[in-house]
Amino acid sequence: MQARRAPCAGSGTAAFHRREGVLWCEDVPIPALARRFGTPLYVYSGAALAERVQAVRGAFPDAVVCYAVKANSNLTLLRRMHALGVGFDLVSGGELRRVQAAGLPTSQAVFAGVGKEPWEIEAAVAAGLLFFNVESEHELPLLAAAGRASGTPVRVALRLNPDVDAGTHAYISTGKKENKFGIALGRAGQVVDAIAREPWLQLCGYHVHLGSQLREAAPYAEAVARVAAFVDGAKQRSAGVTHYDLGGGFGIAYGQGAALDVGAVAAAVLPTLRARGWRPVVEPGRFLVGDAGILLTAVLGEKPQGGSDFLLVDAAMNDLMRPALYQAEHPIVPVVDGNGPERVVDVVGPVCETGDFLGKRRSLPNCARGDLLAVLAAGAYGASMASNYNTRRRPAEVLVDGNTAVLVRARETFEQLLANEVDPDETFVA
Ligand code: LLP
């Protein structure tokens with residue numbers, strides 16, 4: 001079905017398209033999902049996920065693809081990723097618990113994170129991973145101790161900070177020297193030496209993650225060139241190295257311009273990797289799930305207010321935080337084509353903050369209470385960053401495959417929200 005249809009305006013995938021003025025996800029009409037599951041509701045397309053995994057595989061045929069779990073950690077999506085042959089990029093013991101709760105192996109998983117706690121390291125060593133991404137020197141003794149306790153040296157990749165500007169929002173840029181991530185190239189030689197001296201650690205690669213939502217291949221090329229120059233600086237730096245993990249950050253269009261050309265990234269970095277016999281690892285999050293999801297919301301009412309006209313909807317900043325936090329612009333479209341004239345409105349939620357908006361200055365047709373809007377490209381960093389602010393229940397999530405939609409996360413109940421506060425039964429008197 002998708003091949004014959006064009007993506008709806010603003011969407012990066014034909015999985016979301018219009019039929020006779022109505023938005024569909026694959027072979028399911030979106031209004032039917034709102035009736036069945038209520039709003040706000042995250043809707044994901046299985047076909048779109050599969051297409052994106054294929055696109056990454058097409059560009060990087062030899063790579064280990066590790067899905068960045070933080071982008072959307074729903075257990076069913078993790079199982080789907082595994083079924084598509086994808087491993088995992090983990091950044092916490094909690095994410096490891098999710099993969100294990102989903103019943104999935106971690107042999108194709110990497111574990112990054114700028115501050116790992118002993119229990120997280122122990123759990124990950126016990127689980128067995130492809131490797132750890134080390135990004136602070138104080139992790140080394142913890143990793144070595146866990147290796148010694150398990151009787152097997154721990155495989156580590158050193159996360160380098162190459163001081164490359166990824167040209168992205170300041171909050172999600174990670175590869176510049178002023179960022180907390182990775183180890184500066186000027187210090188990394190000493191860390192390689194420390195790893196070489198430690199029998200319970202085994203250096204197997206280098207890792208670089210420049211930031212998120214990159215649109216150009218050039219920063220990836222610059223990073224690999226700097227890492228290659230670093231490795232060439234001393235013989236020990238290449239001993240035992242089998243992998244180069246170029247991180248994630250593959251950007252999507254969000255309705256403006258083009259997504260990152262992953263083929264161009266591959267063309268820019270693979271020759272250097274092949275010349276050294278390093279296997280690529282990629283850690284896409286947003287690129288795999290971002291376009292595959294929408295946030296469905298219902299109109300509560302209109303509110304003309306002097307300076308701006310507001311369209312109040314039932315989803316808010318707690319459900320999708322990206323507009324408030326990064327000034328991110330997600331396309332917002334009516335689920336059913338309107339026939340009235342369009343006018344400019346701010347689409348806002350019910351949360352008690354002026355920063356609670358989903359979109360500003362958007363052209364939308366007149367809406368009545370109950371009309372549905374779709375916030376597009378909301379599959380990544382939407383549900384996974386949702387909170388209970390204003391004591392709101394986080395949205396339900398459904399996964400569509402063909403003409404079938406499955407509830408993959410039920411809407412929270414107020415009982416669940418309050419559970420840890422009702423009778424915690426613990427008092428400490430100093
Ligand atoms: N690898 C590492 C080490 C990362 O820190 C991240 C994301 C990724 C991979 C995946 O990046 P992606 O391919 O999804 O761009 N909440 C922000 C994005 C934060 C990204 C954090 N790290 C947002 O909503 O834009």
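**Ligand contacts and domains**

Modeller: Start with K70: an N or O atom of its side chain is 3.5 Å from an oxygen atom of the ligand. Keep in mind that this is a predicted model.

Colleague: Noted. How far is the polar side-chain atom of D89 from a nitrogen atom of the ligand?
Modeller: That distance is 3.2 Å.

Colleague: And what about E283 and a nitrogen atom of the ligand?
Modeller: A polar side-chain atom of E283 lies 2.6 Å from a ligand nitrogen. As for burial, the ligand taken alone exposes 580 Å², and the protein buries 92% of that.

Colleague: Which pocket does the ligand sit in?
Modeller: The largest pocket.

Colleague: Which residues come nearest to the ligand?
Modeller: There are 20 residues around the ligand. S212, E283, R322, Y326 and Y381 come nearest.

Colleague: How does that shell split by class?
Modeller: Seven residues are nonpolar, seven are polar and six are charged.

Colleague: Switching topic. How is the protein chain divided?
Modeller: Into domain 1, covering 16-45 + 290-417, and domain 2, covering 46-287. Their centres, taken over C-alpha atoms, are 32 Å apart. In the contact, domain 1 supplies 25 residues and domain 2 supplies 22 residues.

Colleague: Back to the ligand. Where does it lie relative to domain 1 and domain 2?
Modeller: Between them, because both domains give residues to the shell around the ligand.

Terms used. Residues are numbered from 1 along each chain as its sequence is written. This is a predicted model: local features need pLDDT of at least 70, side-chain atom pairs count only at pLDDT 80 or more; totals for chains, interfaces and linings use all residues. Side-chain values use heavy atoms; hydrogens and water are left out. A residue is near a molecule or strand if one of its heavy atoms lies within 4 Å of it. A polar contact is a pair of N or O atoms within 3.5 Å; within protein, one must be able to donate a hydrogen and the other to accept it, and residues adjacent in sequence count only if both atoms are side-chain atoms. Accessible areas come from the Shrake-Rupley method with a 1.4 Å probe; for residues, only the protein chains shown count as cover. On a 1 Å grid over the protein atoms alone, a cavity is a set of points where a 1.4 Å probe fits but cannot get out, and a pocket is an open set with protein on both sides within 12 Å along at least five of seven lines; lining residues have an atom within 4 Å of a point. A molecule sits in a cavity or pocket if more than half of its atoms lie within 2 Å of its grid points. Ala, Val, Leu, Ile, Met, Phe, Trp, Tyr, Cys and Pro count as nonpolar, Asp, Glu, Lys and Arg as charged, and the others, Gly among them, as polar. Domain bounds come from an automatic or database domain assignment. Contact means heavy atoms within 4.5 Å.
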